[in-house]
Amino acid sequence: MKKLTAFWLFCLFIIFTQPAFAELTPALWQVEKQGKTSYLFGTVHVGDSSMNGLPKKIEKAIGNSDAVVVEVDLSALTAVQIQQRSMPFLMLQNGRTLDSELSPQSYQQLDQYFGEKSINIKMFSALKPWAVLLTVMQIELQNAGYSDQFGIDKQVMASAAQHNKPIIELESLEQQLEMFTVMEEHADHMVADTFRQISQFDDNFQRLIDGWKKGETAMLAEAYEQAFDDSEFGQLNEHVLLVERNHKWIKQLEKPLSEQSLFIAVGALHLGEENGLIKLLQGQGFKVTRI
């Protein structure tokens, strides 16, 4: 049995906590071709106050670049705009409700979870199961002291603004939300995995954190293999959340990389493995070396 499932790994690996950020040595990659030098950096999206401030090598690479590339630029949107654009993807339609989308066992698990927190599950009746599970994760992370305020992506974009670097986004908010609709038929599977991972959160998550903050790519590769198993659900997650997007991004990046220096900051799990950005860039003739 895998230790951390694909759905949770995708959602949880985008957050972390750690001691003094200056002590970290996350992996930074240099991308070269035809006299142009760019940078590739694996990120996490939420953290705690100890993460305030990017490592000097990251700041320097951003300063040396012509533009910064991110998955999606939420800094350009207000909270109201994000909510307005998100709701159509989160809401159930045609009289469907949360309990109609889940088995009685899955619904009961959620009901008990929210009940223990004095939250009425009826508040979420109109939401799709995966949206409710994201709420569950948000509750767990907030209780553990995590916030997107100290996320690396947000700090990268803030640094880009400080250096007067334009920001290029690879996807829209709508495109990111659309990914989850593909997995709607696996709602019960996601519920079971979510509660299993909540019970194992501290041990499994800490191992992922250690691999990222030390820049130990072997540990990240092991986590990747544990997440995306040979099951139908595991393969679907890998294809939708990582592989398909990686190939699209390479097509988007190939021409800009030949014209200017870019600082590319995307989720760390997008970098490794056979269908990761490093291998795909190398396949396009780019020289990729770790700094």
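A crossing of two helices is left-handed if the near helix is turned anticlockwise from the far one by less than a right angle, and right-handed if clockwise. This is a predicted model, in which local features need pLDDT of at least 70, side-chain atom pairs count only at pLDDT 80 or more, and totals for chains, interfaces and linings use all residues. Residues are numbered from 1 along each chain as its sequence is written, and side-chain values use heavy atoms, with hydrogens and water left out.

**Exercise 1.** Describe how helices H3 and H8 pack.

Step 1. Helices (H or I, at least four residues) and strands (E, at least two) are DSSP runs, numbered from the N terminus.

Step 2. H3 covers residues 79-90 and H8 residues 173-181; their axes are 10 Å apart, at an angle of about 25°. Axes are lines fitted to C-alpha atoms, for helices over the stretch in contact, and angles run from 0 to 180 degrees between N-to-C directions.

Step 3. Angles under 35 degrees count as roughly parallel, therefore H3 and H8 are roughly parallel to each other.

Step 4. The crossing of H3 and H8 is right-handed.

Step 5. H3 contributes Ile82, Arg85, Ser86, Phe89 and Leu90 to the contact, and H8 contributes Leu173, Glu174, Leu177 and Glu178. Contact means heavy atoms within 4.5 Å.

**Exercise 2.** Find the order and the edges of the open sheet of 6 strands.

Step 1. Two strands pair if DSSP finds at least two bridges between them.

Step 2. The order is S4-S3-S5-S2-S1-S6, with mixed pairing.

Step 3. The edge strands, S4 (167-169) and S6 (287-290), each pair on one side only.

Step 4. S3 (residues 67-70) and S4 run parallel, joined by 3 bridges. Val69 has Ile168 in S4 as its bridge partner.

Notes
Angles under 35 degrees count as roughly parallel, over 145 as roughly antiparallel, 65 to 115 as roughly perpendicular and the rest as oblique.
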